[in-house]
Amino acid sequence: HDTTLGRVLFNEMLPEDFPYVNEVLNKKAVSRVLARIFNNYGAETTALTADRIKDLALEHATRAALSTGMDDYPELTDLDEVITEGDDKVTQIADQYDQGLITNEERYKLTVKTWRDVDARVTDEVKNSMAELDTSTAVLANSGARGSVDNIKQAAAMIGIQVAALGRAIELPVRHSFKHGMTPLEAFVVTRGSRFGAVSTALKTADSGYLTRR
C-alpha cells in the first residue's frame, strides 16, 4: 500500500501488533485510534501510547514551525453577490414590516435568520476552498489542531452576526473580514461580540468548576 513517512513514524508509536493505520490523521482520527487501543490493551498502554504520540507531535511541530500569513487565507470570488442577495432579502422584510404585515419582533428574527443563512453559505464556501488548499492555515484548521473554518471565515471572508452583552444577536452584520478591514461602525459592533465571548468564557469556567465540586 502507498503511505507517507509521517504515517510510518506515527505507527511506530503504536503497540507492536496493532494494525497499520494508513489514513489522514486529524484530531478525530487520532481519538479513534486511541479508543481502539484502550478497548484492546487497557488504560496503561493507552496512556503510554498517547504520551509517545504527544512527544512525536511536539518534536515535528517544532521542526515544521507552521506559521500563517495573509496569503494563506482563501479569497472568495462571489462574496459580494452572496451579501447583495442577503441585502435584497432584508429590504423585502423591512418593506413587509412597513406595510404592517409583520411585527417588529418578527422583522428582527427574520433579519437575523437571513444573515445567519448568508453566514452559513459563506462558511461552506470557505470550507470547500480550504479542502483544495495546501497552506499552513489549511493544515491547522483541517487537522483540528488550532482554530476552525469559522475562524478562517472571519479572517478572510466576513465576520458575520455578532452577539451583544445580553446574548441577543445584533441585526447589523459585519460584512467585512479582519483581512480586508472594517468600517468604524463594524469595528464597534465587533467589540460587543468580543466582550460577550470573553465574559461568557469566564462565567462558563466558574459554572463548570462549581458543578465539578458539587
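I take helices (H or I, at least four residues) and strands (E, at least two) as DSSP runs, numbered from the N terminus.

**Ground rules**

I am working on a predicted model, where local features need pLDDT of at least 70, side-chain atom pairs count only at pLDDT 80 or more, and totals for chains, interfaces and linings use all residues. Residues are numbered from 1 along each chain as its sequence is written, and side-chain values use heavy atoms, with hydrogens and water left out.

**Entry 1: the largest pocket**

I started with empty space. Rolling a probe the size of a water molecule over the atoms shows where such space is left. On a 1 Å grid over the protein atoms alone, I call a pocket an open set of points where a 1.4 Å probe fits, with protein on both sides within 12 Å along at least five of seven lines; a cavity is a set of points where the probe fits but cannot get out. Lining residues have an atom within 4 Å of a point. Grid points are joined across faces, edges and corners, and a volume is the space filled by probe spheres set on the points.

The largest pocket comes out at about 1200 Å³. It is lined by 30 residues, and Leu25, Asn26, Val30, Ala57 and Ser143 are the closest to its centre. I looked up which helices contribute: α1, α2 (27–41), α3 (43–64) and α6 (136–143) each give at least two lining residues. Helix α3 has the largest share, with nine.

**Entry 2: salt bridges**

Side chains of opposite charge can pair when their charged atoms come close. My rule asks for a side-chain nitrogen of Lys or Arg within 4 Å of a carboxyl oxygen of Asp or Glu, and the count is twelve salt bridges. For exposure, buried means under 20% relative accessible area, exposed over 50%, and partly exposed in between (1.4 Å probe, protein chains only).

I went to helix α7 (residues 149–156) for Lys153. Its side chain meets that of Asp119 in a salt bridge at 2.8 Å, N to O. Asp119 lies in helix α5 (residues 104–132), so the pair ties together parts that are 34 residues apart in sequence. I find Lys153 buried at 1%, and Asp119 buried too, at 15%.

Lys153 also forms a salt bridge with Asp150, with the closest N and O atoms 3.7 Å apart. Both lie in helix α7, three residues apart, about one turn. Asp150 is partly exposed at 32%.

A network came up as well: shared partners join Asp51, Lys54 and Asp55. Within it, the closest N and O atoms of Lys54 and Asp51 are 3.7 Å apart. These two sit three residues apart in helix α3, so about one helical turn separates them. Lys54 is partly exposed at 40%, and Asp51 likewise at 41%.

I place Ala65 in the loop between α3 and α4 (79–98), and at 53% it counts as exposed.

Leu5 belongs to helix α1 (residues 5–12) and is exposed at 63% relative accessibility.
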